[in-house]
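Okay, thanks for coming, everyone. Let me put today's model up on the screen and then we'll walk through it.

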Amino acid sequence: MKTRKVYWLVCIAVLLCFGLSTANSALADDDDPPGRVARLSLATGQVSFNPAGTDDWVDAVINRPLTTGDKLWTDRDGRVELHTGSTAFRLSSMTGFSFLNLTDRMMQVRLTEGTLSIRVRRLDDDESIEIDTPNLAFSILRPGRYRVNVNEAGDTTILNIRDGEGEVTGGGSAYTVHAGEQAILTGSDSLNADIEALADNDDFDNWCNQRDLREEHAASRRYVSDDVIGYEDLDDYGGWRPDPQYGNVWFPHVTVVDWAPYRYGHWAWISPWGWTWVDNAPWGFAPFHYGRWVSVRGAWGWVPCPPPVVAIGYVRPVYAPALVAWVGGPHFGVAVGVGGAVGMGVNVGWFPLGPREVYVPSYPVSRTYVNNVNISNTTVNQTVVNNYYNTTIVNKNVVVNNVRYVNQGVPGGVTATSGQNFTSARAVNNNLVRVDAREVASAPVAVAAPAIAPPKQAVIGSGAPTNYHPPAAVMNRAVVAKTAPPPPPPTFAKQQAAIQANQGRPISIAQAHQLEPQQTRAAVSPVRIAPAATPVAPRANNVQGNVNRNVQSVQPNANRPVNTPAPNGSVPQNAPQNANHNNEPGPLNTNRPTNAQVNNNANNNVNNSRPPSVRPNGNSNVDAQLEQKHQQQIQQLQQKQDQERQKLDEQRFKQQQQLQKETADEEKQKQAQEKQQQQLQQLEQKHEQQQQQLKQKQETEHAKAEPQKQAPPPKSKPSEDKPHH
């Protein structure tokens, strides 16, 4: 009897231990940093950036990773493009933008004023995209093209949906907006919604379309997963070549004699990852945060993480702050054998990791994260990854012995700079430290980044201080959110003290949340949670006087005339008069501004004015039927193309399996890969021809429909019972 009791007690103890271990593992997974960031891929004109946790506004720098709490402001002539995963955000001038939340499953944007375009190429079932404005929350439900406008006063939001579908939540109401519709939503405590047909494209729309086409036709999509941020810039600055050992390798077109990866740029501190590489090159994002580097016959090439293959488990590429190893020695480098903080006066050296070499994060992570960040970026044995995890993270041993790194002995592969230059976000290539090749070859290697607590300049980055930033009213304007965002990041001063207490290592997300009291976070959080919403059908308008309600970048301008609200039912003095009084529209929603009031700000924006859209009143049915037909044709063509791609992927997967079973001959694999690439190129050419043919067909149908729309109505015949003379 005693033996049985002891047995059950042991079983219960084991189960409790297993449950605690599983719970701790789940908590650790939840506290992992996001696997994606947003890349600032393009900034033209006056664009300013405010890092999370600071009050400083500086010039925006390309390739800067953005995450939760970071803010952007585009001034009068500014435009911005951001990428995160397969989604692109584009900002027009006079636009206030920030991330309330950016994780693997949520993109939550705060838009306080201006114009935002969103292109969503893929939306997973567990993924959400929410745009929060001062009077509503807009949830994107499907892949497509969206445009959101917020006027200067912050009381009107206009939504344009070229493709896709979304839901508006605010003022206790919920509205669904479909493809081909424009929704004008006014008010805050209660929303007034009107649905109209889309107006014609303006300059900003055309610019966004050109950027979309550039991404769609990028040849690099054949070699890289489209979840790799920055792949679209590789075609213009390099080329792909097959290699028998590494597969398809991208070689940059560089003319600098001593060029090496991770040399022409600067280091910045970005929480929660810590020390992060920001490259100077316009293509310098994907090759420095994904994949691996290798020297092939004296030329540096980038080996990417491959695109997904049908029927094979796919892990979305995980972003890393810098895929490098760190070297030390008596004349340069960090004191890699010491677990404590490193002084800023010590030189710092590093080199790029090669294929099949393990990246070990310097920030708090779980075992699952270490696995994913490696297997999604290179071909590496999971047992090797686990060994690194146990050695460096569990046992806290930052030095790796008996490992030969492929790039450590490459001539000119190691880059070194002073500790002061490293921490001040200065250009590394302007402050290099000479290293001896023989000493480098035998120098100890550390897998973790230097344990140096960052000064404030490391967080701000290399951007110069700027005077153009959003007005205080726009900067502090609250927005409506459907999903409660996480608390805003704590101030940098509090983070810096916690990092110093952690011996110069990054702190976890949970630790950062504990630095700010709950009441303080609630006071500074510029978010109002939307009340419970009731689905409502918006009002559909087909009014000639109201077809031009699109708001372009609405600019705060001291010289702009004040828009005085007109009394209910009346027309303001600056409103255009409708010359055709016989076509008087029906009763309007008098609780929202008239067309002139909504467009007053847009008409003052000279650079981004939207031309009027003229639609005859009697032809909406013809346009709607033709548009519906064209949408069906596009969907049918896309379905056909997806089926063809899936068949090709399945064929490629079967060929790979067959080759692996029959032989490991690299020459046969190379020939099979070249054949598959030719088939893929032929398929892409075929698809482009189909798209052009469909476009020509639709243009022909539009041309045929024009005479029908413009033809005058037939004259009425005289009545039969009317006397003739």
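Some ground rules. This is a predicted model, where local features need pLDDT of at least 70, side-chain atom pairs count only at pLDDT 80 or more, and totals for chains, interfaces and linings use all residues. Residues are numbered from 1 along each chain as its sequence is written, and side-chain values use heavy atoms, with hydrogens and water left out.

Now, confidence. pLDDT is the predictor's confidence in each residue, from 0 to 100. The chain's mean is 78, with 69% of residues at 70 or more.

On to the fold. We've got 15 helices and 31 strands, taken as DSSP runs numbered from the N terminus: H or I of at least four residues for helices, E of at least two for strands. Of the 725 residues, 49% are buried, meaning under 20% relative accessible area; exposed is over 50%, partly exposed is in between, with a 1.4 Å probe and protein chains only. And for contacts between residues at least 6 apart in sequence, 69% join residues at least 24 apart.

Here's a sheet I'd like you to look at. It's open, with 4 strands in the order β26-β25-β24-β27 and antiparallel pairing; two strands pair if DSSP finds at least two bridges between them. β26 (415-417) and β27 (445-446) are the edges: each has a single partner strand, so one side of each has no neighbour in the sheet. β24, residues 324-327, is joined to β27 by 2 bridges, and W326 sits opposite A446 in β27.

M94, in the loop between β7 (87-91) and β8 (95-102), isn't a glycine but has a positive phi, near 55 degrees. Buried or exposed? M94 is buried, at 3% relative accessible area. Q503, another non-glycine, has a positive phi of about 60 degrees. Q503 is in the loop between α10 (492-501) and α11 (509-513), and is partly exposed at 48%. Finally, the S271 to P272 peptide bond is cis, omega near 5 degrees, with P272 in the loop between β20 (265-270) and β21 (274-279).

Definitions and conventions. Contact means heavy atoms within 4.5 Å.
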